[in-house]
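Here's a quick briefing to read with the model open beside you. It starts with the ground rules and then goes topic by topic.

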Amino acid sequence: MKVVFLDIDGVLNSMDYYERTRDKGTYGINPNKVKLLKEIIERTGAEIILSSTWRCLGRTLEEEHPMYTYLVETLAQFGLEIKEHTPMINNNRPEEIKAWLDNQAEKEIKFVSLDDDFPKEKYEKYGIGECLVRTSFYESDGGIRREHVEMAVEILNG
C-alpha cells in the first residue's frame, strides 16, 4: 500500500495564489498544484490520506463546511479522492501520521507527507523523517512543485 499524507495550505496553494484568487470562490486551491498531486498518484498508485487541518471541516462537524466540500469536488474533477483522515492529536501532524500508521500495523505501507508546516526534525522525533516532502506557503510559486513530485515518486516507488 502507498499513501500520500496531504496537507492543503502550502501544498495545493500558496500565499501568492491565495492573494490573487481569494475573492473568486476557490478557497485558495490551485488547480495546477492539484495536477501535480494527480501526477504523484498516477505514477505511484498511492491513496490520499488527509492530514491537513482542513479535515476538521469535514467529518467532525454536523454539516460539511463549504471549504471541505470544495476540496473534495476539486480533487474529484481530477479523478482524486480522499480515502481517510489522520486522527486529531494536539495539532501535531507527525504524531497524527505516526498514529494512523500504527493503526495499520498489519499492512506494509510506503508513504510520503506533503507538508509545509512541520520540519524534518519534528518528523524524525516519530521515526518518520524520511517521508517528508517539504513545501512552502510563502515562497513565490509556493506549494507543490515539480521537484516535490519527483521526490515523492522516488520515495513511494523506491
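Helices (H or I, at least four residues) and strands (E, at least two) are DSSP runs, numbered from the N terminus. The expected span of a helix is 1.5 Å times one less than its number of residues. This is a predicted model, where local features need pLDDT of at least 70, side-chain atom pairs count only at pLDDT 80 or more, and totals for chains, interfaces and linings use all residues. Residues are numbered from 1 along each chain as its sequence is written, and side-chain values use heavy atoms, with hydrogens and water left out.

**Overall layout**

- The chain holds six helices and five strands, and from the N terminus they come in the order β-α-α-β-α-β-α-β-α-β-α.
- The C-alpha trace spans about 45 × 40 × 30 Å along its principal axes.
- The radius of gyration (taken over C-alpha atoms) is 15 Å, which agrees with the value near 15 Å for a compact globule of 158 residues (2.2 Å times the number of residues to the power 0.38).
- Of the 158 residues, 50% count as buried; that means under 20% relative accessible area, with exposed being over 50% and partly exposed in between (1.4 Å probe, protein chains only).
- Take the contacts (heavy atoms within 4.5 Å) between residues at least 6 apart in sequence: 67% of them join residues at least 24 apart.

**Helix H6**

- H6 runs over residues 146-157, and its 12 residues should span 16 Å at 1.5 Å a residue; the end C-alpha atoms are 16 Å apart, which agrees.
- Its buried residues are His148, Val149, Ala152, Val153 and Leu156.
- Those residues cover an arc of only 130 degrees around the axis (using directions from the helix axis to the C-beta atoms), so they sit on the same side of H6.
- E1, H2, E4 and E5 are among the elements covering the buried residues of H6.

**Helix H2**

- Lys33, Val34, Leu36, Leu37, Ile40, Ile41 and Thr44 are the buried residues here.
- Seen down the axis of H2, they fall within an arc of 160 degrees, so they line one face of the helix.
- They pack against strands E1 (2-6), E2 (47-50) and E4 (110-115), plus helices H3 (66-77) and H6 (146-157).
- Asparagine 30 caps the N-terminal end, with a side-chain oxygen 2.8 Å from the backbone nitrogen of asparagine 32.
- Just after H2, glycine 45 takes a positive phi of about 75 degrees.

**Nonpolar cores**

- A nonpolar core is a set of buried Ala, Val, Leu, Ile, Met, Phe, Trp, Tyr and Cys residues joined through side-chain atoms within 4.5 Å.
- The largest one has 29 residues, and Val4, Leu6, Leu12, Leu37, Ile40, Leu71 and Leu114 have the most contacts inside it.
- E1, H2, E2, H3, E4 and H6 each supply at least two residues of this core, and H2 gives the most, with five.
- Apart from it lies another core, of 14 residues, including Val3, Ile97, Ile109 and Phe118.

**A buried loop residue**

- Isoleucine 128 is in the loop between helix H5 (120-124) and strand E5 (132-134), and at 3% relative accessibility it counts as buried.
- Leaving aside its neighbours within four places in sequence, isoleucine 128 touches Pro94, Ile97, Lys98, Leu101, Phe111 and Tyr123.

Terms used. Polar contact = N/O pair within 3.5 Å; in protein donor to acceptor, adjacent residues only side chain to side chain.
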